[in-house]
Amino acid sequence: MQIVSLSRILEGIVFSVFLLFVAGFGLFLFGELHKMCVLNEAKKFGLLASVMGRIFPFPKKQFEFNLTHVLLFALLILLLSMLHHPAQDVIEQDSEKDTKKAAKREAEKKEKKEKKEKK
């Protein structure tokens, strides 16, 4: 029994690199938001700036991240993207009901057709 499909390794590498870029860009955007709220536009935002400064206390009010943060954020994104949402089950059940109803209608049409042919 094969645990890893060798033909999917390239796909996994591409997905991993893309995920690292998404995680890094997401942290960069959050850093820019933090800088805008806490440093640049603090007077304009007022209470929001002080709340954000207290929720995310960084030394010298500077948001810094490194490769470890990017990797951890990428793992978080990966885990959340693999989460099974209950709405998926509801959609699947609805489609099963629809196919059963359609099959039942087809069977009824065939029965009616056969009865007409017998008469």
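Modeller: Happy to! One term first: a residue is buried under 20% relative accessible area, exposed over 50%, and partly exposed in between, using a 1.4 Å probe and protein chains only. You are looking at a predicted model, in which local features need pLDDT of at least 70 and side-chain atom pairs count only at pLDDT 80 or more, while totals for chains, interfaces and linings use all residues. Residues are numbered from 1 along each chain as its sequence is written, and side-chain values use heavy atoms, with hydrogens and water left out.

Now to the pairs. Side chains of opposite charge can pair when their charged atoms come close. Searching the whole structure turns up three salt bridges (a side-chain nitrogen of Lys or Arg within 4 Å of a carboxyl oxygen of Asp or Glu).

Let's start with Arg-8, whose side chain meets that of Glu-11 in a salt bridge at 2.8 Å, N to O. Glu-11 counts as partly exposed because its relative accessible area is 45%.

The next bridge joins Lys-35 to Glu-32, and here the closest N and O atoms are 3.6 Å apart. Both of these residues belong to helix H1, residues 9–40, and a spacing of three residues puts about one turn of the helix between them. (Helices are DSSP runs of H or I with at least four residues, strands are runs of E with at least two, and numbering starts from the N terminus.) Lys-35 is partly exposed at 33% relative accessibility, and Glu-32, at 34%, is partly exposed too.

That leaves Glu-41 and Lys-44, a salt bridge in which the closest N and O atoms are 3.7 Å apart.

For contrast, consider a lysine elsewhere. Lys-60 is placed in the loop between helix H3 (47–55) and helix H4 (67–81). Lys-60 is exposed, since its relative accessibility is 77%. From Lys-60 to Ser-16 there are 44 residues in sequence and 33 Å in space, C-alpha to C-alpha.

Back in helix H1, we also find Ile-9, which is partly exposed because its relative accessibility is 39%.
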